[in-house]
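Welcome! Take a pencil, open the viewer, and try each exercise before you read its solution.

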Amino acid sequence: MAALTNLLLTTLLAFAGLGSALPPRIGNTVIEAREPEPELPPLSGRKYTVSQQHNPRYKFNGAVSVYKTYLKYGAKVPDYLVQAVAVHFGVSTDDVLNKVFTHNKIGRDKGSAAAIPIDKYDVAYITPVSIGTPAQTLNLDFDTGSSDLWVFSSSLPAAQITGQDVYSPNTSTTARLLTDASWSITYGDGSASRGNVYLDHVTIGGLVVSDQAVETAQQVSQSFTAETAIDGLVGLGFSSLNTVRPTAQKTWFENVKSKLDAPLFAVDLKFNAAGTYDFGFIDPAKHTGNFTYVPVNTDPGYWTWTSTGYQVGSAPFVSQPIVNIADTGTTLVYLPNAILQAYYKQIAGAQNSRSYGGWVFPCATTIPDFTFGVTADAKITIPGRFINYGPVSDGSATCFGGLQSSAGVGINIFGDVALKAAYVVFNGGETPTLGWASKPV
């Protein structure tokens, strides 16, 4: 991978494997008198699709991706992973522990909204989102593992912006400061971001929500500054996770779902290609066979469900409950060690490498598919090529695995590696469910 300069490695809460959450600086903002707000078209009975495109600027590293997932979920980073990250960046372990190292600065109707892979490894996806009047377009990470919509803002010090587009509430005629409201996110490494809150129009795929809480970044740590491809985050978890105080705010989806044809969004992430988020409908052209729906545990606010087991290649299916989070903001899949042992023992030369920060294998080897159970009768297969996450460094013959250990993270996570293998419905109705259907991959 290309060398990185000026990066403080922390996690973006919505970007696990990347988490993406962009932080704010506290300050007083005077809102001048505004022109009357324009009439908005009615929203009922509408459907929306948000498409994906590639952004080639981001550079993937497996150890860094795992490191960020530890930080996202507040888990202690093991020493071997700290060492692997230090080696990758060419810095000391003290620099990693102090979160000081480097990253290249890179400048930068049904309807459709794009979920854009930020690199050729699909490390994360960003989507153009319009905020305010006139519209200001930012590229935001859609994250079902968090519940804040926050953005880089014009209130940030210039030194904390390295190519990101910013939201300027003072140039929006529909922005209103939410008096006395603030938000603050503290990550597992101790870094924090905070700011104030505006209410403004937010448009995704042609669907407008007026008076959506937009958490404006007024201070961001260097780690967020370094994520130049991402201007902020749209949390699609349950609103109970929202960090605005004194009163938590509803997510964009929570605000819009009653106006949709159906209170759901369907995720069609792609492997090395652009995909879509569909709001309010399920596109029959994007899946094969029937959907299988499973119950969701919404406490404390994640899309948590239970897989019925797994299968490695053509080996017999192993029935075993796997409680996990369906998280579009996490790159990889995190599973119990016993499952990883069963999988990687089928790959000649595979090893759990402390040097590289996780499971690796020879790039030239053929790796098996991984199948997980949705119910006793329904299964989803992740093709082996999805699990080859690319060389551990430029020109290396060793590749990083897309399945990694959940032991240190503390929770199993079905991130993008799994979600790309299916068309997945996040049903936010009165009784939330997840729907899984196979699709051409």
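## Exercise 1: Charged pairs

Asp-268, Lys-270 and Lys-439 are joined in a network of salt bridges. A salt bridge is a side-chain nitrogen of Lys or Arg within 4 Å of a carboxyl oxygen of Asp or Glu. Before going further, note that this is a predicted model, where local features need pLDDT of at least 70, side-chain atom pairs count only at pLDDT 80 or more, and totals for chains, interfaces and linings use all residues. Residues are numbered from 1 along each chain as its sequence is written, and side-chain values use heavy atoms, leaving out hydrogens and water.

**Task.** How many salt bridges does the structure hold, and what does the pair of Asp-211 and Arg-176 tie together?

**Solution.**
- Step 1: Start with the total, which is 6 salt bridges.
- Step 2: Recall the general idea: side chains of opposite charge can pair when their charged atoms come close.
- Step 3: Find Asp-211 and Arg-176, whose side chains meet in a salt bridge at 3.0 Å, N to O.
- Step 4: Asp-211 belongs to strand E8 (residues 207-219) and Arg-176 to strand E6 (residues 176-186), so the pair links parts that are 35 residues apart in sequence. Helices (H or I, at least four residues) and strands (E, at least two) are DSSP runs, numbered from the N terminus.

**Task.** Are Asp-278 and Lys-286 buried or exposed?

**Solution.**
- Step 1: Use the cut-offs: buried means under 20% relative accessible area, exposed over 50%, partly exposed in between (1.4 Å probe, protein chains only).
- Step 2: Asp-278 has 0% relative accessibility and counts as buried.
- Step 3: Lys-286, at 14%, counts as buried too.
- Step 4: The side chains of Asp-278 and Lys-286 meet in a salt bridge (3.0 Å, N to O). Lys-286 also meets Asp-283 in a salt bridge, at 3.7 Å, N to O.
- Step 5: For contrast, return to Asp-211, which is partly exposed at 34%, and Arg-176, which is partly exposed at 37%.

## Exercise 2: An open sheet

**Task.** In which order do the 7 strands of the open sheet come, and which are the edge strands?

**Solution.**
- Step 1: Trace the order, E20-E19-E14-E15-E24-E16-E23, with mixed pairing. Two strands pair if DSSP finds at least two bridges between them.
- Step 2: Look at the ends: strand E20 (379-382) and strand E23 (403-405) are the edge strands, each pairing on one side only.
- Step 3: From one strand to the next, the twist averages 45 degrees. Axes are lines fitted to C-alpha atoms, for helices over the stretch in contact, and angles run from 0 to 180 degrees between N-to-C directions.
- Step 4: Zoom in on strand E15 (residues 318-326) and strand E24 (residues 412-414), which pair in the parallel sense over 3 bridges. Here Asn-324 stands opposite Asn-412 in E24.
- Step 5: Helix H6 (residues 337-344) packs on the sheet, and its direction makes about 140 degrees with that of E23.

## Exercise 3: A hairpin

**Task.** How many residues lie between E3 and E4 in their hairpin?

**Solution.**
- Step 1: Check the pairing: E3 and strand E4 (residues 136-143) run antiparallel over 6 bridges.
- Step 2: Thr-127 faces Leu-140 in E4.
- Step 3: The hairpin has 4 residues between the strands, and Gly-132 in the turn has a positive phi of about 85 degrees.
- Step 4: In strand E3 (residues 125-131), 6 of the 7 residues are buried, so this strand is largely enclosed by the rest of the structure.

## Exercise 4: The core and the confidence

**Task.** Which residues have the most contacts inside the largest nonpolar core?

**Solution.**
- Step 1: A nonpolar core is a set of buried Ala, Val, Leu, Ile, Met, Phe, Trp, Tyr and Cys residues joined through side-chain atoms within 4.5 Å.
- Step 2: The largest one has 97 residues, and Trp-252, Phe-370, Phe-372, Leu-434 and Trp-436 have the most contacts inside it.
- Step 3: A second, separate core of 14 residues includes Phe-152 and Leu-199.

**Task.** What is the average pLDDT of the protein chain?

**Solution.**
- Step 1: pLDDT is the predictor's confidence in each residue, from 0 to 100.
- Step 2: The chain averages 82, and 80% of the residues score at least 70.
- Step 3: Over residues 1-44 the pLDDT is below 50.
- Step 4: Where pLDDT is low, the predicted coordinates should not be read in detail.

How values were computed. Contact = heavy atoms within 4.5 Å.
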